[in-house]
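Subject: Structure handover

Hello,

Here is the structure we discussed, with notes on what turned up in it. Please keep it open while you read.

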Amino acid sequence: MRVPNNRVATRSAALAARSSLTTLTAVVGTAGLAAAAANPGLLAAVDQHAAGVRDSLDGDRRPLTVAALAGYAEGVRDAAREHGWEPPVEPVDWSEPDWVLTRLLAVCLLTRALDPRDLA
């Protein structure tokens, strides 16, 4: 049985998006969201960034998806790198994260709200 090319590409893209969000959550989200739970100021900043991400993706009009969040996070990272930002090589100091890390942490927060079956 042959699978049409467009279905393979779609399946591959979905797998790549899930993988991207899983990696982002492991690298940024787990520690960052734990820090935010313990720091009301950080949590407020992450919530504000999450609202900005939702607004950018029309999240009030249509449901957020794995693909939309993964694409958004990739776009943030790419734009930041073009402006000289480098991802941290050491554990992040969540007491004073930069804008990029806070925005990526917001993507992780929004990812938590997705149906877990979408990430499997």
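In the grouping used here, Ala, Val, Leu, Ile, Met, Phe, Trp, Tyr, Cys and Pro count as nonpolar, Asp, Glu, Lys and Arg as charged, and the others, Gly among them, as polar. This is a predicted model, in which local features need pLDDT of at least 70 and side-chain atom pairs pLDDT 80 or more, while totals for chains, interfaces and linings use all residues. Residues are numbered from 1 along each chain as its sequence is written, and side-chain values use heavy atoms, without hydrogens or water.

The pocket

The lining of the largest pocket divides into 10 nonpolar, two polar and three charged residues. A pocket is an open set of points on a 1 Å grid over the protein atoms alone, where a 1.4 Å probe fits, with protein on both sides within 12 Å along at least five of seven lines; lining residues have an atom within 4 Å of a point. Of its 15 lining residues, L24, V27, V28, P87 and P88 lie nearest the centre.

L24 is in contact (heavy atoms within 4.5 Å) with G29, A73, R77, L104, V107 and C108, leaving aside neighbours within four places in sequence.

T102 is found in helix α4. Not counting residues up to four places away in sequence, T102 touches A45, V46, H49 and P97.

Regards

Note on methods: Helices (H or I, at least four residues) and strands (E, at least two) are DSSP runs, numbered from the N terminus.
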